[in-house]
Protein chains: 2
Amino acid sequence: MGRWEPNARGRLEQAALELYAERGFENTTVAEIAARAGLTERTFFRHCADKREILFAGAGRLTELVVGAVAAAPPSASPIDVMAAALEEVGTMFEDRYDFARQRHAVIEASAELRERELIKMASLAAALAAAFRRRGVPATAAALTAEAGVAVFRIAFERWVAGSGEPDLAHLLRESMAELKAVTSGRSGP
Amino acid sequence: MGRWEPNARGRLEQAALELYAERGFENTTVAEIAARAGLTERTFFRHCADKREILFAGAGRLTELVVGAVAAAPPSASPIDVMAAALEEVGTMFEDRYDFARQRHAVIEASAELRERELIKMASLAAALAAAFRRRGVPATAAALTAEAGVAVFRIAFERWVAGSGEPDLAHLLRESMAELKAVTSGRSGP
DNA sequence: GCGCGCGATGTCAGTGACTGTCATCCACTA
DNA sequence: TAGTGGATGACAGTCACTGACATCGCGCGC
């Protein structure tokens with residue numbers, strides 16, 4: 001792989017995921033990732049803010065998708081219904097990505113530092129969602145709570161998805177988890 | 001401050017909070033914190049896993065408190081009511097700590113790295129809560145969702161508390177936010 | 001075809017977080 | 001008083017990350 005091969009960023013992402021999976025995040029140096037991608041350490045940091053960020057390139061797209069869905073929902077819909085509709089789109093976004101999602105999730109779960117980064121991505125997703133709700137006229141606290149609840153539903157459904165094998169699809173688990181949240185918060189759930 | 005003064009850990013926590021507040025987390029070196037506490041950098045790392053962790057000594061106590069409250073609730077109570085009761089205790093825990101909580105929160109909000117750490121503490125709190133609910137016989141998904149919802153309520157109420165000045169007390173904001181969550185998830189909230 | 005500008009890359013030196021190792025110090029006890 | 005143990009200091013080393021400057025190759029106008 002010569003100095004000027006195209007798609008340096010993509011090669012770095014691929015190399016990082018491979019190495020993190022092979023020997024763990026902590027036991028991988030940035031120099032090794034860069035070497036596998038045919039680049040130098042310095043170039044890694046030109047493409048990527050830090051060693052963790054390389055795994056989170058897709059976070060931006062997820063945010064765009066849900067925020068767009070919230071903005072596009074009919075003005076009369078209640079926040080929780082809008083949230084549910086947005087999660088529907090998320091379900092389809094991951095449709096063909098089971099293997100990738102699963103490997104990436106395993107890598108992240110294996111490292112406390114990567115879990116931290118994942119959490120801040122989820123938090124920033126929640127913040128973007130809350131802002132989208134406020135733009136629809138939802139009061140701040142309700143907007144924040146709806147967003148947080150939506151993200152919690154997403155996370156829990158996602159975990160169940162990658163924990164299983166083949167399993168019902170993500171969209172189905174998302175609907176189930178949302179229903180469960182409604183049941184739980186309304187007190188319709190045994191001790 | 002000589003080499004063998006007592007309470008090295010406490011001096012380090014104090015020095016770190018001061019320096020992070022004075023010049024920001026990123027512009028403070030561990031050597032400076034240690035020097036202000038009358039210790040060396042090496043000793044800092046003997047008391048504290050890393051530069052962030054020094055601000056999160058109290059996280060363990062918060063977890064113990066809520067988990068204990070969940071365990072102590074009457075067996076017949078519904079998960080969401082148990083969660084609400086646990087949050088009551090949290091409200092009293094912070095009663096006399098407004099100034100400290102506010103300064104610490106400001107320091108954390110000012111740094112992305114510290115926000116990451118805060119998030120993982122909240123996540124581990126949610127995990128401990130979910131486990132406590134499961135020990136009460138609550139099914140896994142409902143337990144996780146109740147825990148996540150409870151932590152979301154805590155965070156949002158806490159933010160409103162430190163954002164204000166003097167304000168209603170935390171316990172009051174916790175009750176309000178919990179009510180709002182119930183309203184939102186039941187669809188009783190305008191667009 | 002030719003020089004030229006510009007963006008992507010390489011090189012190198014430096015800072016600071018964190019760790020392993022070993023020496024040193026003080027408090028407590030026999 | 002000697003000895004033991006836990007806390008600390010001193011020092012060297014690794015690695016994430018950054019700034020400064022040199023270098024490369026592609027596309028541009030001519």
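The legends below describe close-up views of a predicted model.

The model is predicted, and local features need pLDDT of at least 70, side-chain atom pairs count only at pLDDT 80 or more, and totals for chains, interfaces and linings use all residues. Residues are numbered from 1 along each chain as its sequence is written, while chains are lettered from A and ligands numbered from 1 in the order in which they are written.

**View 1. Domains of chain A.** Domain 1 (8–51) and domain 2 (58–185) make up the division of chain A, with bounds taken from an automatic or database domain assignment. Their C-alpha centres are 28 Å apart. Six residues from domain 1 and seven residues from domain 2 form the contact, where contact requires C-beta atoms, placed from the backbone, within 7 Å. The domain 1 side has four nonpolar, one polar and one charged residues. In this classification, Ala, Val, Leu, Ile, Met, Phe, Trp, Tyr, Cys and Pro are nonpolar, Asp, Glu, Lys and Arg are charged, and the others, Gly among them, are polar.

**View 2. Surroundings of A:Cys48.** A:Cys48 sits in the loop between H3 and helix H4 (59–72) of chain A; helices (H or I, at least four residues) are DSSP runs, numbered from the N terminus. A:Cys48 counts as buried because it has 20 C-beta neighbours inside 10 Å. The cut-offs are 20 or more other C-beta atoms within 10 Å for buried, 12 or fewer for exposed, and in between for partly exposed, with C-beta atoms placed from the backbone. Leaving out residues up to four places away in sequence, A:Cys48 touches A:Leu12, A:Glu53 and A:Ile54. A:Tyr98 is 50 residues from A:Cys48 in sequence and 25 Å from it in space, C-alpha to C-alpha.

**View 3. Helix H9 of chain A.** The 16 residues of H9(A) (170–185) should span 22 Å at 1.5 Å a residue, and the end C-alpha atoms are 22 Å apart, which agrees. The expected span is 1.5 Å times one less than the number of residues. Buried positions in H9(A) include A:Leu170, A:Leu174, A:Met178, A:Leu181 and A:Thr185. A:Gly187, with a positive phi near 80°, follows H9(A).

**View 4. Interface between chains A and B.** The contact involves 35 residues of chain A and 35 residues of chain B. On the chain A side, H5, H7 (112–135), H8 and H9 each give two or more residues. H8(A) supplies the largest share, nine residues. By class, the chain A side has 17 nonpolar, 10 polar and eight charged residues.

**View 5. Surface near DNA strand C.** Around DNA strand C are 15 residues, of which A:Ala8, A:Arg42, A:Thr43, B:Asp50 and B:Lys51 are the closest. A residue is near a strand if its C-beta atom, placed from the backbone, lies within 6 Å of it. H3 of chain A, together with H2 (30–36) and H3 of chain B, are the elements giving two or more residues. H3(A) gives the largest share, three residues.

Conventions. Contact = placed C-beta atoms within 7 Å.
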